[in-house]
Amino acid sequence: MQYAFEFAGLLAVFSVLMVVPGADFVMVVRQSVVHGRRAAIITSFGIGTSLLFHVSYTILGIGLIVSKSLLLFSMLKWAGAAYLVYLGIRALRADPMELTSVDAQEAADQTKEVTATRYFLMGFVTNALNPKAVLLFVPLFTAMVSHETPAAVKGVYGLLMAVVLIAWFVGVSMFFTMASVRARFVAWGRWFNKATGMIFIGLGVKLATQQAS
């Protein structure tokens, strides 16, 4: 029962932070509109799996080392910023969308295992290279989880949080791939590409200015 209350408090705070739009949210929205529901859901699983990565190094104490090391934090920060800018440039250079071409591309992707792996890695890398996660999970676990809580229990916390995160982004994927919603975004064509591209680049620049605590 002690662990149930502890996890409830942890999940309550995490849920608030989870729904705040960021790079993960933009990624899932873009995957939903450009590549369809399957791509967005696979990307969501990549993001959720990356959460387990963050939780693991936090439990092992590595997250605290990274958050306090200027060199390690800077390396992670610049890698993440570069990746977001890369995604932004790709979006800016993408061809205008048409609903028929998008649907055809989604149908073609259904049979490509390599494409599924790429979608998964896009979600995983986008989240894994975000140093804000280091600054989030270390203080979150320190403040909300007792140091006496066994590592195995903390691991279960992380697994359940990953499930909740995946469920959230699957919900986002389902919403933005509804025919009426998706059609409206596709109708924006090149403007949607430009908007998401600039958002990715803006997030990359913002990330590059992030300071370690």
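Modeller: Gladly, and please keep in mind that this is a predicted model. Two packed helices are described by the angle between their axes and by the distance between those axes. Here, helix α2 (residues 23-35) packs against helix α10 (residues 179-187) at an angle of about 90°, and their axes are 9 Å apart. Angles of 65 to 115 degrees count as roughly perpendicular, so α2 is roughly perpendicular to α10.

Colleague: Which residues of α2 and α10 make the contact?

Modeller: From α2 come Ser32, Val33, Val34 and His35, and from α10 come Arg182, Phe185 and Val186. By type, the residues of this contact divide into four nonpolar, two polar and one charged.

Colleague: Thanks! How should I read the interior?

Modeller: In soluble globular proteins, nonpolar side chains tend to be buried together. In this model, the largest nonpolar core has 30 residues, and those touching the most other members are Leu10, Phe14, Leu51, Phe137, Phe141, Met161 and Leu165.

Colleague: Which elements give two or more residues to this core?

Modeller: They are α1 (2-18), α2, α3 (37-59), α8 (131-144), α9 (151-176) and α10. The largest share, eight residues, comes from α9.

Colleague: What is Leu10 in contact with, leaving aside its neighbours within four places in sequence?

Modeller: Leu10 is in contact with Leu140, Phe141, Met144, Val145, Tyr157 and Met161. There is also a second, separate core of 15 residues, with Tyr83, Leu84, Leu87 and Ala116 among them.

Colleague: Back to α9, then. How many residues does α9 have, and what does it reach from its first C-alpha to its last?

Modeller: α9 has 26 residues and reaches 37 Å, close to the 38 Å expected at 1.5 Å a residue. Its buried residues include Tyr157, Met161, Leu165 and Phe169, as well as Lys154 and Ser173.

Colleague: And Ala4: where is its place?

Modeller: Ala4 lies in helix α1.

Colleague: Finally, how would you sum up the whole protein?

Modeller: Its secondary structure comes to 11 helices and zero strands. Of its 213 residues, 46% count as buried. Among contacts with a separation of 6 or more, 90% are between residues 24 or more positions apart.

Key
Residues numbered from 1 in each chain as written. Predicted model: local features only at pLDDT ≥ 70, side-chain atom pairs only at ≥ 80, totals over all residues. Heavy atoms only, no water. Axes fitted to C-alpha atoms, helices over the stretch in contact; angles between N-to-C directions. Helix = DSSP H or I, 4+ residues; strand = E, 2+ residues; numbered from the N terminus. Parallel < 35°, antiparallel > 145°, perpendicular 65-115°, else oblique. Contact = heavy atoms within 4.5 Å. Nonpolar A, V, L, I, M, F, W, Y, C, P; charged D, E, K, R; others polar. Core = buried A, V, L, I, M, F, W, Y, C linked by side-chain atoms within 4.5 Å. Buried < 20%, exposed > 50% of the residue type's maximum accessible area, 1.4 Å probe, protein only. Expected span 1.5 Å × (residues − 1).
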